[in-house]
Amino acid sequence: MENCKTPTLRVLVVEPLRAPYSRELPNTLEEMQKLVGGTIQAIYPFEEPVALICHDEGKLLGLPPNRALRDENGVLYDIVCGTFFLCAAPPDSDSFESLSEEQLVRYAARFHPLELFLAKEREV
């Protein structure tokens, strides 16, 4: 079967302390890594087949906290550090695809609120 990989993806970029924005991203590993600043990791925190692509060592490298991930009850379970982007990740495909216009609008609204995170000193 011939590879149906599209040359560009329409993704939603989310940078720390900035409003999300959509952009065309060349559909290559190198361009994805350039956008997040290093090696990538795909996580799947949503019900629908949408991937969140981030730097796989963002926390270890001390990249700035960006946005919180919350469960269906609104409870925070993780914080993504550094720039990340969202793209479609169909379950029957081995590659990423563009987000639909509806997804771009919905996820832009979801990640629009800027979040500040405060470190709390641990009690010993």
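**View 1. Ring pairs join Phe-46, Phe-84, Tyr-107 and Phe-111 into a cluster.** Rings of Phe, Tyr and Trp (its six-membered ring) pair if their centres lie within 6.5 Å, and planes under 30 degrees apart count as stacked, over 60 as edge-to-face and the rest as tilted. Three aromatic pairs are counted by this rule. The model is predicted, so local features need pLDDT of at least 70 and side-chain atom pairs count only at pLDDT 80 or more, whereas totals for chains, interfaces and linings use all residues. Residues are numbered from 1 along each chain as its sequence is written, and side-chain values use heavy atoms, with hydrogens and water left out.

**View 2. Phe-84 and Phe-111 form an edge-to-face pair, because their ring planes lie at 75 degrees, with the centres 5.4 Å apart.** This pair links distant parts of the chain, 27 residues apart, since Phe-84 belongs to strand β7 (residues 84–88) and Phe-111 to helix α2 (residues 101–111); helices (H or I, at least four residues) and strands (E, at least two) are DSSP runs, numbered from the N terminus. Both Phe-84 and Phe-111 are buried, that is, under 20% relative accessible area (1.4 Å probe, protein chains only).

**View 3. The charged end of Arg-110 sits over the ring of Phe-111, 4.2 Å from its centre.** A charge sits over a ring if NZ of Lys or CZ of Arg is within 6 Å of the ring centre and within 35 degrees of the ring normal.

Note on methods
Buried < 20%, exposed > 50% of the residue type's maximum accessible area, 1.4 Å probe, protein only.
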